[in-house]
Amino acid sequence: MTNLSLTVNGRAVEAAIEARTNLADFVREKLDLTGTHTGCEHGVCGACTMIVDGMPVRSCITFAVACGRASITTIEGLDEDEIAAELRTAFSREHALQCGYCTPGMLVSARDLVLRLPDADEEQIRIGMSGNLCRCTGYVGIVRAVRAVIASRRERGIAPVPGAGREQLGPAGAGHKSGASVSDRKSKRAKASVTPAKIEIPDFAPTVVFEQRFDVAHAPDRVFDFFGDVAAVASCLPGAVLNEDATPEHVNGAFRVKIGPITASFNGSARIERDIESRSGRIVGVGADQRSRSSTQGEIRYRVVSLDDAAKTRVELTIGYSLKGMLAQVGRPGLVRDLASRLISEFAGNVNRHLAGAPAAADPRMASSLNAFSLILGLVSSQAKRLLRRLTGGD
Ligand code: FES
Ligand code: FES
């Protein structure tokens with residue numbers, strides 16, 4: 001058991017809990033605050049959303065022990081909150097709920113939008129609320145209710161609260177120990193934009209590791225040489241953009257992903273290591289997406305293996321990563337693994353074309369952003385096949 005001290009709805013709470021207890025179960029089962037609902041328990045539906053250190057957070061995928069010294073507000077803590085009261089009235093008036101299961105999470109997320117975005121239009125509201133799923137209402141009433149509250153506050157001259165009043169940043173639930181203040185963070189960002197510092201890339205223990213491999217119809221020595229040419233590798237990797245200062249050992253650049261309404265651009269650096277003897281290599285990188293306040297550390301280990309008397313090559317990959325921030329809430333390992341395998345199959349096709357002397361991608365735009373449409377189509381079709389196999393007993 002681990003001792004936990006935190007503040008819940010303005011009240012100091014101390015408890016001994018198991019390390020595996022998530023925040024949603026902790027408030028529901030230990031504190032009897034059952035207004036927080038759990039739906040998917042995978043960080044997808046948003047039913048369990050509550051406020052941790054001023055930030056809406058999915059409590060089903062937040063460990064309670066990670067919230068030491070944090071300040072938590074559940075839906076019960078918003079009873080007297082002015083914006084929550086306006087939202088409750090608007091939700092009733094606009095028929096923005098039926099069974100009400102999603103409503104506590106909806107109200108928490110909507111309150112954050114109302115606080116921060118005084119001019120949000122329907123599209124921004126839909127994007128802002130896209131992390132909260134409702135099975136009953138069809139969303140029209142929900143969007144209308146949030147829009148009405150925003151418009152009414154604007155008409156009454158109520159100013160927004162920049163950043164929803166967050167004073168502490170850092171991983172939500174990390175409490176105040178490691179959190180930098182908003183002004184610290186802003187001044188660091190300003191300095192960083194003036195003097196780009198060389199980023200230290202530490203070794204790390206990835207949270208998720210998986211393996212992939214692909215074959216190319218070229219000799220192993222050629223393929224290994226290709227992996228030593230970082231510009232060529234980047235030109236074959238959909239979504240990768242390199243800065244001009246790349247060297248064989250170190251690169252700075254960005255990796256762009258656009259899937260549905262989610263757009264992320266991870267800017268960062270990578271360290272490259274190669275071992276000619278074993279025809280293997282390692283790329284270790286760090287990156288951050290400012291928009292979603294997400295960061296990642298990743299590592300790709302590759303090994304080039306000769307096939308068919310060196311007529312062909314198999315590339316064996318071990319991919320490891322850790323993801324923090326908002327995208328970690330939707331980037332479930334199974335989804336990332338599926339997306340990675342499709343990304344790698346596009347990469348393999350491009351490598352084959354590149355080594356045959358053809359342009360890497362038929363459409364150059366495909367080289368600068370992940371082809372989300374084909375990835376999602378592939379993902380949906382493979383999941384449908386899996387389901388069909390299960391239903392027909394073929395699994
Ligand atoms: S229960 Fe937490 S996101 Fe669905
Ligand atoms: S009102 Fe029923 S799930 Fe949203």
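This briefing describes strands, hairpins and helix contacts in one structure. The model is predicted: local features need pLDDT of at least 70, side-chain atom pairs count only at pLDDT 80 or more, and totals for chains, interfaces and linings use all residues. Residues are numbered from 1 along each chain as its sequence is written, while chains are lettered from A and ligands numbered from 1 in the order in which they are written. Helices (H or I, at least four residues) and strands (E, at least two) are DSSP runs, numbered from the N terminus. Strands count as paired if DSSP finds at least two bridges between them.

**The five-stranded sheet**

- An open sheet holds 5 strands in the order S2-S1-S5-S3-S4, and its pairing is mixed.
- Its edges are strand S2 (11-17) and strand S4 (55-58), each of which pairs on one side only.
- On average, neighbouring strands in this sheet are turned by 40° against each other, direction ignored; axes are lines fitted to C-alpha atoms, for helices over the stretch in contact, and angles run from 0 to 180 degrees between N-to-C directions.
- Strand S1 (residues 2-8) runs antiparallel to S2, and 7 bridges join them.
- Ser 5 has Glu 14 in S2 as its bridge partner.

- Strand S10 (residues 280-289) and strand S11 (residues 294-307) are antiparallel and joined by 10 bridges.
- Gly 287 is found opposite Thr 296 of S11.
- The hairpin of S10 and S11 has 4 residues between the strands, and Arg 293 there takes a positive phi near 50°.
- S11 also pairs with strand S12 (residues 312-324), in the antiparallel sense and over 13 bridges.
- Within S12, Lys 312 is the bridge partner of Leu 307, and Ser 322 is that of Gln 297.
- S11 and S12 form a hairpin with 4 residues between them, where Asp 308 in the turn has a positive phi of about 45°.
- S12 is joined by 9 bridges to strand S6 (residues 208-216), and these two run antiparallel.
- Val 216 has Thr 313 in S12 as its bridge partner.

- Helix H3 (residues 103-116) lies across strand S3 (49-52) and S4, and runs at about 45° to S3.
- The axes of H3 and helix H5 (residues 140-155) come within 10 Å and cross at roughly 35°.
- This crossing of H3 and H5 is right-handed; a crossing is left-handed if the near helix is turned anticlockwise from the far one by less than a right angle, and right-handed if clockwise.
- From H3, Met 106, Ala 110, Leu 113 and Val 114 meet Ile 142, Val 146, Val 149, Ile 150 and Arg 153 of H5, where contact requires C-beta atoms, placed from the backbone, to lie within 7 Å.
- The contact of H3 with H5 comprises 8 nonpolar residues, no polar and 1 charged; Ala, Val, Leu, Ile, Met, Phe, Trp, Tyr, Cys and Pro count as nonpolar, Asp, Glu, Lys and Arg as charged, and the others, Gly among them, as polar.

**Helix H2 against H5**

- Helix H2 (residues 82-93) packs with H5 at an angle of about 135°, and their axes are 9 Å apart.
- H2 is therefore oblique to H5; angles under 35 degrees count as roughly parallel, over 145 as roughly antiparallel, 65 to 115 as roughly perpendicular and the rest as oblique.
- H2 and H5 make a right-handed crossing.
- Glu 86, Leu 87, Ala 90 and Phe 91 of H2 make the contact with Ala 145, Ala 148 and Val 149 of H5.
- The residues of this contact of H2 with H5 are 6 nonpolar, no polar and 1 charged.

Note on methods. Two residues are in contact if their C-beta atoms, placed from the backbone, lie within 7 Å.
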